[in-house]
Amino acid sequence: LSPMMGLVVSALVLVLLRCVWWMLSRISTSQNKPRRTWASWPLPLRTTVVLGSGGHTMEMLALIKDLNQERYICDFILAETDTSSLKKVQATCPDLAKDLDRFHVIPRSREVGQSWPSSVMTTAKAFLACIRLVWELQPQVLLVNGPGTCAPVVGAALLFELIAFRCISLIFVESICRVKTLSMSGKLVYPFADVFVVKDPVTTALSVAKH
């Protein structure tokens with residue numbers, strides 16, 4: 001092999017090893033003790049919260065309304081067609097809405113009722129926007145609860161973790177309305193979540209949830 005070819009092969013091997021190591025450390029389908037990634041890190045932790053329209057936002061606000069901002073300083077991500085989530089945060093948790101620069105808008109990955117083939121392009125557009133935003137925010141904790149908006153955000157965060165060698169604590173809280181099966185977002189995120197929370201015993205038994 002020429003020196004240049006040897007460098008290329010070595011680089012490819014290193015990339016492959018990095019991907020394998022990341023997959024082994026990140027992906028899990030069993031109930032494990034959550035990683036204490038940021039246990040000794042100075043506070044506050046940079047926390048990104050994904051807001052979905054409607055009930056998802058109200059459930060998320062119920063989770064974070066008493067969040068200690070001295071421990072977790074929050075940025076919020078919402079879809080560009082979501083006209084209600086910011087108003088709900090301002091009405092329910094005014095302390096969290098004081099700084100509007102912490103609210104970030106991304107293209108909606110999929111509208112309600114949108115066909116799956118057409119959603120491929122819109123999801124790709126949202127994913128590209130999320131890559132830039134996640135690189136800018138560099139979250140340490142990512143909190144999501146199931147809206148379609150969370151899928152490209154989670155994907156971009158995992159890609160950031162893989163490339164930047166910077167761990168992200170991924171917390172998924174399943175919607176309270178999911179009593180028999182996991183949501184599509186939940187099924188996609190489950191293997192990658194550090195903490196996966198379900199609120200119904202039937203769903204817990206079906207999913208063997210990490211909670």
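The legends below go with several close-up views of this predicted model.

**Before you start.** Residues are numbered from 1 along each chain as its sequence is written, and side-chain values use heavy atoms, with hydrogens and water left out. Because the model is predicted, local features need pLDDT of at least 70 and side-chain atom pairs count only at pLDDT 80 or more, while totals for chains, interfaces and linings use all residues.

View 1. The protein has seven helices and six strands; helices (H or I, at least four residues) and strands (E, at least two) are DSSP runs, numbered from the N terminus. Along the sequence they follow the pattern α-β-α-β-α-β-α-β-α-β-α-β-α. Of the 211 residues, 41% are buried; here buried means under 20% relative accessible area, exposed over 50%, and partly exposed in between (1.4 Å probe, protein chains only). The accessible surface comes to about 11,700 Å², with 66% of it belonging to carbon and sulfur atoms; these areas come from the Shrake-Rupley method with a 1.4 Å probe, and for residues only the protein chains shown count as cover.

**View 2. A nonpolar patch that includes Leu-14.** Met-4, Met-5, Leu-7, Val-8, Val-9, Leu-12, Val-13, Leu-14 and Leu-17 form this surface patch, with about 870 Å² of accessible area together. Patches are made of residues with over 30% relative accessible area and no salt bridge, joining like charges within 9 Å and nonpolar side chains (Val, Leu, Ile, Met, Phe, Trp, Tyr) within 5 Å. Leu-14 sits in helix H1 (residues 3-26) and is exposed, at 58% relative accessible area.

View 3. H5 (residues 150-164) has 15 residues and reaches 21 Å from its first C-alpha to its last, close to the 21 Å expected; the expected span is 1.5 Å times one less than the number of residues. Its buried residues include Cys-150, Val-154, Phe-160 and Leu-162. Phe-165, which follows H5, has a positive phi, near 55°. In the loop between H5 and strand S5 (169-173) you will find Cys-167, which is partly exposed at 30% relative accessible area.

**View 4. Glu-174, a buried acidic side chain.** Glu-174 lies in the loop between S5 and helix H6 (184-189), and its relative accessible area is 0%. A polar atom of its side chain lies 2.9 Å from the backbone nitrogen of Ser-183. Leaving out residues up to four places away in sequence, Glu-174 touches Glu-59, Leu-182, Ser-183, Gly-186, Val-197, Val-198 and Lys-199, where contact means heavy atoms within 4.5 Å.

**View 5. The salt bridge between Arg-26 and Asp-194.** The structure holds seven salt bridges, each a side-chain nitrogen of Lys or Arg within 4 Å of a carboxyl oxygen of Asp or Glu. In this one, the side chains of Arg-26 and Asp-194 meet at 2.9 Å, N to O. Arg-26 lies in helix H1 and Asp-194 in the loop between H6 and strand S6 (195-197), so the pair ties together parts that are 168 residues apart in sequence. Arg-26 is buried at 4% relative accessibility, and Asp-194 is buried at 11%.

**View 6. A salt-bridge network around Arg-102.** Arg-46, Asp-75, Asp-99 and Arg-102 are linked in a network of salt bridges. Asp-75 and Arg-102 meet at 3.1 Å, N to O; Asp-75 is in strand S2 (residues 72-79), and Arg-102 is in the loop between helix H3 (85-92) and strand S3 (103-106). Arg-102 also pairs with Asp-99, at 3.9 Å. Asp-75 is buried at 3% relative accessibility, whereas Arg-102 is partly exposed at 25%.

Key. Polar contact = N/O pair within 3.5 Å; in protein donor to acceptor, adjacent residues only side chain to side chain.
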